[in-house]
Amino acid sequence: MSSDSQKPVLVWFRDDHRLSDNPALSAAAATGSQVLCFYVLDDESEGIRPLGAAACWWLHGSLKALSETLERAGSSLLILKGSALDLVESVVRETGASAVYWNRRYGAAEIAVDSAIKKRLSDAGIKVHSCSGRLLHEPWEITNQAGKPFQVFTPYLRAVNARSIKPPLPAPRRLKGGVWPRSILDRAIPLTELGLEPSFPDWAGGMRQVWERGEHAAQARFSRFIETGLKGYAERRDLPSQEGSSRLSPHLRFGEISPRQVWHAVMNAVAAEPGLGPDAEKFLSEIAWRDFTYQLLHFHPHLPDKPHSSRFDNFPWIQDRPSLKAWQKGLTGYPIVDAGMRQLWQTGWMHNRVRMITASFLVKHLLTDWRQGEAWFWDTLVDADPANNAFSWQWIAGSGPDSAPFHRIFNPVTQGEKFDPEGDYIRTFMPELSQLPPGFVHKPWEAPPAVLREAGVVLGETYPKPIVPHGPARERALEAFRSLRGLA
Ligand code: FAD
C-alpha cells in the first residue's frame with residue numbers, strides 16, 4: 001500500500017480555466033504529489049442547466065487554451081462527459097488519488113452535485129478540498145449587522161469596501177504530472193468530439209473575429225484595458241459605439257481571469273496614478289455587482305426561473321411569437337434595439353447600455369415574460385452567466401431584489417439619441433440604415449421621403465416600421481403593472 005504522498009491528487013476544473021490565482025490548483029500543487037487535472041461536461045446531473053450555443057463555442061476555446069497551458073506547466077487536461085457524480089467517483093477510485101481539489105460553485109444544482117460527491121468520497125476516506133476561486137468573497141461572508149445577506153447593493157458595496165481582498169496567487173511554477181490509468185483514458189473524449197463548436201452551418205465567424213479565448217487572452221485584454229481603457233471608463237462605459245468597457249465578461253464567466261486579480265491590478269494602477277481613482281471606483285463597483293448577483297443566486301436559487309417578488313407571479317404577460325421573433329432577429333423597427341440584437345447575434349456580446357434597452361423593450365413594450373429574454377440571452381451570449389443574466393433580467397422587469405422600478409420604461413429613441421448621438425453604433429450593425437443622417441438614424445419613420453430615398457431606406461421593405469408604437473406600448477405596460485393585485 002503506497003503512502004498518501006505517493007498517490008496522485010486530482011484537480012477538477014469547473015469554470016476556473018486558469019493556472020494563476022487558482023486556489024484549488026495551487027493547493028494541489030503544494031502537496032508535491034502528482035497532479036492529475038480533469039474537466040467533466042456534465043450533461044446528466046439533474047438541474048444542471050446546459051450551456052447555450054454561444055457559451056459552448058467559448059467553452060471549446062477555453063478548454064483548448066487551458067489544456068495547452070497545463071501541458072506547458074507539466075500536466076494535461078482530461079475531458080470526460082456524463083454524470084459528474086459517477087465520473088468523479090470512478091476517477092478517484094481508478095487513479096487511487098488521495099484527494100480531490102476544486103473551486104466552489106454557487107448554483108443550487110451544482111451545490112447538490114458537489115455535496116453528494118463530497119459525501120461519497122469522504123465516506124470512502126478521500127479528502128475533498130473545496131476552495132474559493134470564483135468571487136472576491138464567498139456569498140456568506142458579506143452580511144449586514146444582523147448577520148443576514150444584503151438585498152440592496154449600496155450597503156453591500158460599502159461592506160465589500162470595508163474588507164480586504166485576498167491577494168491573487170501566482171500560477172504554480174511547475175506541476176508534477178502523472179499518468180492516467182488506461183481504464184480512464186478509454187473514457188476520455190477528445191475536445192473536438194464534444195461538439196461544442198458549430199460546423200454546419202458555421203455561425204461562429206463573427207465571434208472568432210472579435211474574441212480570443214483563454215487565460216493568456218484574458219490577461220492581454222485586461223492589460224490593454226488598464227493601460228488605455230480605465231481612464232475615462234466611468235463616462236465611456238455608457239457609449240456603445242466605443243470600446244469603453246473592459247469586455248472581460250466572458251473571461252470572468254469562464255474563470256480565465258479572477259476577480260481578485262482584477263481588483264488588485266486596478267488598485268495597483270490607482271496607486272501608481274491617483275487620477276484614475278474615480279474611474280477605478282466605478283469599474284470595481286461593477287466587479288462587486290458580479291459578486292452581489294452570485295450572493296443573490298446562492299441565497300435565492302430560483303433567481304433564473306421565478307420572480308423574486310411574488311407580486312409578479314401573475315403578471316399578465318403576452319404570448320406573441322411574431323414579436324418575440326422580430327426582437328430576436330433585430331427587426332423591431334427601433335434601430336437601437338435592432339442594432340443591439342444584431343451585435344449579440346454576430347459577436348455573442350452586447351453592450352451593457354444596449355442590454356438594458358433591448359431587455360426593457362422586450363419586457364415592457366412587448367409585454368413578454370422576462371424569462372423568454374433571459375433564455376435567448378443565455379443561448380446567444382458568450383458571457384451568459386447564471387447569476388448576472390438572471391439578476392439583470394429581473395432587475396429590468398422590476399421583479400428582482402434591488403430592481404429598477406417597473407414604471408421606468410426606456411424610450412428607445414431618446415436612449416439612442418443620448419448614448420449614440422451620431423448613430424455610429426447603429427451604422428456598425430445595421431448596414432440598411434448606414435446612410436441615414438444622425439437626426440433620423442434613431443427614428444427613420446420621422447424622416448422625410450427625400451431623406452429616406454437618399455439613404456436607400458424603404459420603410460416596411462428594407463427596414464421595418466416600428467412593431468409597436470412607443471406611447472401606447474408604454475401605457476399598456478403601465479396598465480398591466482397596475483393590474484397586479486394590491487396596485488390597482
Ligand atoms: P465592464 O463594464 O468592463 O465591467 C467589468 C465586469 O464587471 C464585467 O465583465 C462583469 O463581470 C461585471 N459587471 C459589469 N456590469 C455588471 C452588471 N450590471 N451586473 C453584474 N456584473 C456586472 N453580465 C454577464 O457577465 N453575463 C450575463 O449573462 C449578463 N446578462 C445581462 C443581461 C441583461 C438584461 C443586462 C442588462 C445585463 C447583463 N449583464 C451580464 C451585465 C453587463 O451587461 C455585462 O456584465 C457587461 O456588459 C459586460 O461587459 P464588460 O465586461 O465590458 O463590462
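This is a predicted model: local features need pLDDT of at least 70, side-chain atom pairs count only at pLDDT 80 or more; totals for chains, interfaces and linings use all residues.

Pro-259, Val-262, Trp-263, Val-266, Ala-269 and Val-270 in H11 meet residues of H12, namely Gly-277, Ala-280, Phe-283, Leu-284, Ile-287, Arg-290 and Asp-291.

Next I looked up the geometry. H11 covers residues 259–272 and H12 covers residues 277–299. Their axes lie 10 Å apart, at an angle of about 170°. Angles over 145 degrees count as roughly antiparallel, so H11 and H12 are roughly antiparallel to each other.

I then turned to H3 (residues 84–95) and H4 (residues 108–123). Here the angle is about 30° and the axes are 9 Å apart. Under 35 degrees counts as roughly parallel, so that is how H3 and H4 run. H3 passes H4 in a right-handed crossing.

Which residues make this contact? From H3 I noted Ala-84, Leu-85, Val-88, Glu-89 and Val-92; from H4, Val-113, Ala-116, Ile-117, Arg-120 and Leu-121. Eight are nonpolar, none is polar and two are charged.

Leaving out residues up to four places away in sequence, Val-88 touches Trp-12, Val-40, Val-100 and Ile-117.

Last, I checked the largest nonpolar core, which has 120 residues. Leu-10, Val-11, Phe-38, Leu-77, Val-88, Val-100 and Tyr-101 have the most contacts inside it. Helix H2 (residues 53–72) gives the most to this core, with ten residues.

Key: Residues are numbered from 1 along each chain as its sequence is written. Axes are lines fitted to C-alpha atoms, for helices over the stretch in contact, and angles run from 0 to 180 degrees between N-to-C directions. Helices (H or I, at least four residues) and strands (E, at least two) are DSSP runs, numbered from the N terminus. Angles under 35 degrees count as roughly parallel, over 145 as roughly antiparallel, 65 to 115 as roughly perpendicular and the rest as oblique. A crossing is left-handed if the near helix is turned anticlockwise from the far one by less than a right angle, and right-handed if clockwise. Two residues are in contact if their C-beta atoms, placed from the backbone, lie within 7 Å. Ala, Val, Leu, Ile, Met, Phe, Trp, Tyr, Cys and Pro count as nonpolar, Asp, Glu, Lys and Arg as charged, and the others, Gly among them, as polar. A nonpolar core is a set of buried Ala, Val, Leu, Ile, Met, Phe, Trp, Tyr and Cys residues joined through C-beta atoms within 7 Å. A residue is buried if 20 or more other C-beta atoms lie within 10 Å of its own, exposed if 12 or fewer, and partly exposed in between; C-beta atoms are placed from the backbone.
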